[in-house]
Amino acid sequence: MRRFWQGLSITRRGAFILILPTLFTLSSLINWAWSRKQEKIASDWVIHTEEILKESSQLLTLLVDAETGVRGYGLTKDPAFLEPYEEAKQFIPDRFGQLDRLTTDGSPQQVKLEDIGIRINNYLALLQAARELLGEMGNARTESSAELQKLIRMGKTDLDTLRKELSTLRTEEQALLGLRREKLLRTKRFVDRLLSITVVLSLLSYAVAFYLYRLADEEIMTRNRQLEVANESLSQFNIALAKRNQDLDEFTHTVSHDLKAPLRAIANLSTWIAEDLDIPAESESGRQITLLQARVVKMRSLIDGLLQYSRTGREISRFEPVNVGELVQEVTEGLAQPPGIQIYIDPNLPTIETERLLLQQVFSNLISNSLKYHDRTDGKVIVSAQLTDDGGYEFAVADDGPGIAPEFHERIFKIFQTLASDRPDSTGIGLAIVKKIVESRGGRLRLVSEVGQGATFYFTWPS
């Protein structure tokens, strides 16, 4: 159990802890609702059967009352004895109709009731004929008396048959009542067991959930302690890193100063030698001195580039609203723009909340590269932007210069890698700085270019 639990993620553990007791609680509620429904159905059937028995008893009583009333009237000639008959005659259709409605669920009972209904109508007709005959009889007459006796015998036969059929119906309903009571009892027992099981499972699920929660809590506490240790280690590491960065800045500053001093001396000495010896610039010695001075300038540019690259990404810049169009305009005004080369700035460049200095460095390096390596006197450089799907921007610096072959697209972003090694101002650091800045801010830098078709540098920048 513990091994399985430890193999789950924190999110799945939390879901498991919540779902387990919830499922069993819901199942308990569902079982309870279902059991109540089943009990009600069984109970309704018992009540239904009891109502059939009650209605059949009342119907039989009314039939007997009707016969008794007619018999009493025949013996006494007192109309008061006809009251039970009249009441029975009035309520028998209602009782029979109620009994008929109650037995619509059972076709065998319905068949019996159809026959009973016919016999009741016949029996009531016989009683009505006997009552009328008794009312017409004055002094006893042989013909009327014989007819009355005949009606009485027929009525008795019909009543006995009705008693028998109603008794059969009641016996069947009694049997159904027994079955339905037994079913109700079984249902109650099953429901009780089911509810007991679901309640026990629910309690067990809560116990398991509590146990799993304790396991998760222990692991969270362990991870918190580990995180505290890691944070402490990270804090110490950051302090050490800050100290090392400070030492590195001091070292690079010292190295830069110590390296530039001999370079200045070399440049000065070469100039003095050329002047003292009056060496013509077009002579072999003059060309060598010029080449030496160019190498000194390139070496100095490399040192400055290295310093800038080492500091890139470590500066703490504040976020501020930056109008990118105005920023690019400031960058172009500070660059040495060759005559005939035009810079077009998209008027729809956005205003974004960002680190101004870093974005300025990116545009400065990309635009200066486009100007520096352009091979035409009437070229152009275009700066534009478009919105990305994630709400940021992708900026583009495009030129119509010589272009770059696809096999060099990756190489030019590496430090000290340049395609113009013969130029003293080409250090191979500018694009490496651009790549470092863009990627440190979560962006992506890419190049689209072919030889003779210009070059377009795209970079994404968060807004």
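## Close-ups of a predicted model

**View 1. Helix α8, a largely enclosed helix.** Of the 17 residues of α8, 12 are buried, so the helix is largely enclosed by the rest of the structure. This is a predicted model, as are all the views that follow. Helix α8 runs over residues 356-372 and spans 24 Å from its first C-alpha to its last, close to the 24 Å expected at 1.5 Å a residue. Among the buried residues are Leu358, Leu359, Val362, Phe363, Leu366, Ile367 and Leu371.

**View 2. Arg356 of α8 reaches over to Glu330.** These two form a salt bridge, with their closest N and O atoms 2.8 Å apart. Arg356 sits in α8 and Glu330 in helix α7 (residues 324-333), so the pair ties together parts that are 26 residues apart in sequence. How accessible is Arg356? With a relative accessible area of 23%, Arg356 is partly exposed. Glu330 is partly exposed as well, at 39%.

**View 3. Arg376 and Asp400, a loop-to-loop salt bridge.** Here the side chains of Asp400 and Arg376 meet at 3.2 Å, N to O. The pair links distant parts of the chain, 24 residues apart: Arg376 is in the loop between α8 and β4 (380-387), while Asp400 is in the loop between β5 (393-399) and α9 (430-440). Arg376 has a relative accessible area of 38%, which makes it partly exposed.

View 4. Glu182 is partly exposed at 43% relative accessible area, and Arg186 is partly exposed at 47%. For context, the structure holds seven salt bridges.

**View 5. A patch of negative charge on the surface.** Which residues gather in this patch of negative charge? They are Asp65, Asp78, Glu83 and Glu87. Glu83 lies in helix α3, which covers residues 83-102.

Key: Residues numbered from 1 in each chain as written. Predicted model: local features only at pLDDT ≥ 70, side-chain atom pairs only at ≥ 80, totals over all residues. Heavy atoms only, no water. Helix = DSSP H or I, 4+ residues; strand = E, 2+ residues; numbered from the N terminus. Expected span 1.5 Å × (residues − 1). Buried < 20%, exposed > 50% of the residue type's maximum accessible area, 1.4 Å probe, protein only. Patch = residues over 30% accessible without salt bridge, like charges linked within 9 Å, V, L, I, M, F, W, Y side chains within 5 Å. Areas by Shrake-Rupley, 256 points an atom, 1.4 Å probe, with all protein chains shown as cover. Salt bridge = Lys/Arg side-chain N within 4 Å of Asp/Glu carboxyl O. Lys, Arg positive; Asp, Glu negative; His and termini not counted. Charge placed at Lys NZ, Arg CZ, Asp CG, Glu CD.
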